[in-house]
Amino acid sequence: MQHRGQESTDGTGDGELTVPMAWLYAEYIADELLRSGDLMPTTSFEFRAGRDALALTVFLSDTDGELSGIRVITQLETWLSLTAYDQPWQEWVQKRLADLTADAAAVSAATAGRATADPDLELARSAWRWLRETELLAPDLNAVPGGAAGAGEDEGPKVWTPAWQLGLPLGHLAIHLF
């Protein structure tokens with residue numbers, strides 16, 4: 001969804017700025033869902049991982065390019081199913097990004113090669129790159145029960161985990177709590 005209120009925001013002007021409204025709106029929805037769940041401090045890396053994973057889910061599930069405030073409630077079930085534990089979310093994200101990239105290339109070719117980068121897609125790619133490449137120290141959920149784990153939450157075994165693997169269940173829980 002690109003904002004089309006003025007020429008300077010829709011990319012039709014000469015060298016004008018295109019505002020990434022679809023990504024910013026998806027990020028806003030994700031942020032509100034996580035804040036309402038009050039699961040962790042908003043300044044933590046875990047919060048960012050959850051927000052980025054949810055924003056990607058919201059942005060990439062919008063196949064019509066028409067994110068609207070009224071549809072947020074109707075989309076919760078879709079987002080819940082996409083972020084469920086047994087779903088191949090990572091593969092879905094990669095496929096959707098590839099599809100959107102191909103669509104953007106086709107649009108660029110159709111407009112006489114006038115290459116205009118889609119800022120929404122660029123921000124989504126950047127979020128995905130951060131989620132894939134960043135590892136966060138998290139509790140080892142596969143540790144042997146009854147092992148040498150301490151009594152406190154911070155004393156148990158920890159393992160470095162890709163940010164998306166922490167953010168996705170966080171986003172899923174935030175949707176449930178909403």
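What we have here is a predicted model, where local features need pLDDT of at least 70, side-chain atom pairs count only at pLDDT 80 or more, and totals for chains, interfaces and linings use all residues. Residues are numbered from 1 along each chain as its sequence is written, and side-chain values use heavy atoms, with hydrogens and water left out.

Aspartate 99 and lysine 95 sit four residues apart in helix H5, so about one helical turn separates them. Why does that spacing matter? An α-helix has 3.6 residues a turn, so residues three or four places apart point the same way. Aspartate 99 and lysine 95 make a salt bridge, with their closest N and O atoms 3.0 Å apart. By salt bridge I mean a side-chain nitrogen of Lys or Arg within 4 Å of a carboxyl oxygen of Asp or Glu. And how open are these two? Buried means under 20% relative accessible area, exposed over 50%, and partly exposed in between, using a 1.4 Å probe and protein chains only. Lysine 95, at 52%, counts as exposed, while aspartate 99, at 29%, is partly exposed.

Arginine 35 and aspartate 31 are both in H2, four residues apart, about one turn of the helix. Their side chains meet in a salt bridge at 2.5 Å, N to O. Here aspartate 31 is buried, at 14% relative accessible area, and arginine 35 is partly exposed, at 44%.

By that rule, the salt bridge count is seven. Glutamate 27 is partly exposed, at 23% relative accessibility. Which residues join up in a network of salt bridges? Glu27, Arg48, Arg51 and Asp52 do.

Arg48 turns up again with an aromatic ring. The charged end of arginine 48 sits over the ring of tryptophan 130, 3.9 Å from the ring's centre. "Sits over" has a rule too: NZ of Lys or CZ of Arg has to be within 6 Å of the ring centre and within 35 degrees of the ring normal.

On to ring-to-ring pairs. Rings of Phe, Tyr and Trp (the six-membered ring for Trp) pair if their centres lie within 6.5 Å; planes under 30 degrees apart are stacked, over 60 edge-to-face, and the rest tilted. That rule gives four aromatic pairs. In one of them, tryptophan 89 and tryptophan 128 have ring centres 5.6 Å apart and planes at 75°, so they are edge-to-face. Tryptophan 89 is in helix H5 and tryptophan 128 in helix H6, so the pair ties together parts 39 residues apart in sequence. Tryptophan 128 is buried, at 3% relative accessible area. Tryptophan 89 also pairs with tryptophan 164: the centres are 5.9 Å apart and the planes at 25°, so this pair is stacked. It links distant parts of the chain, with tryptophan 89 in H5 and tryptophan 164 in helix H7, 75 residues apart. Both tryptophan 89 and tryptophan 164 are buried, and Trp89, Trp128 and Trp164 form one aromatic cluster.

Now the core. A nonpolar core is a set of buried Ala, Val, Leu, Ile, Met, Phe, Trp, Tyr and Cys residues joined through side-chain atoms within 4.5 Å. The largest one has 38 residues, and Leu56, Trp79, Trp89, Trp128 and Leu131 touch the most other members. Which helix gives the largest share of this core? That's H3, with nine residues. H3 is mostly covered, with 14 of its 17 residues buried. From first C-alpha to last it reaches 24 Å, close to the expected 24 Å, where the expected span is 1.5 Å times one less than the number of residues.

Zoom in on leucine 56. Setting aside neighbours within four places in sequence, its contacts (heavy atoms within 4.5 Å) include Trp23, Trp89, Trp92, Trp128 and Leu131.

Last stop: proline 139, which is in strand E1. Proline 139 is partly exposed, at 47% relative accessible area. Its C-alpha is 4.4 Å from that of lysine 158, 19 residues away along the chain. Thanks, everyone!

Key: Helix = DSSP H or I, 4+ residues; strand = E, 2+ residues; numbered from the N terminus.
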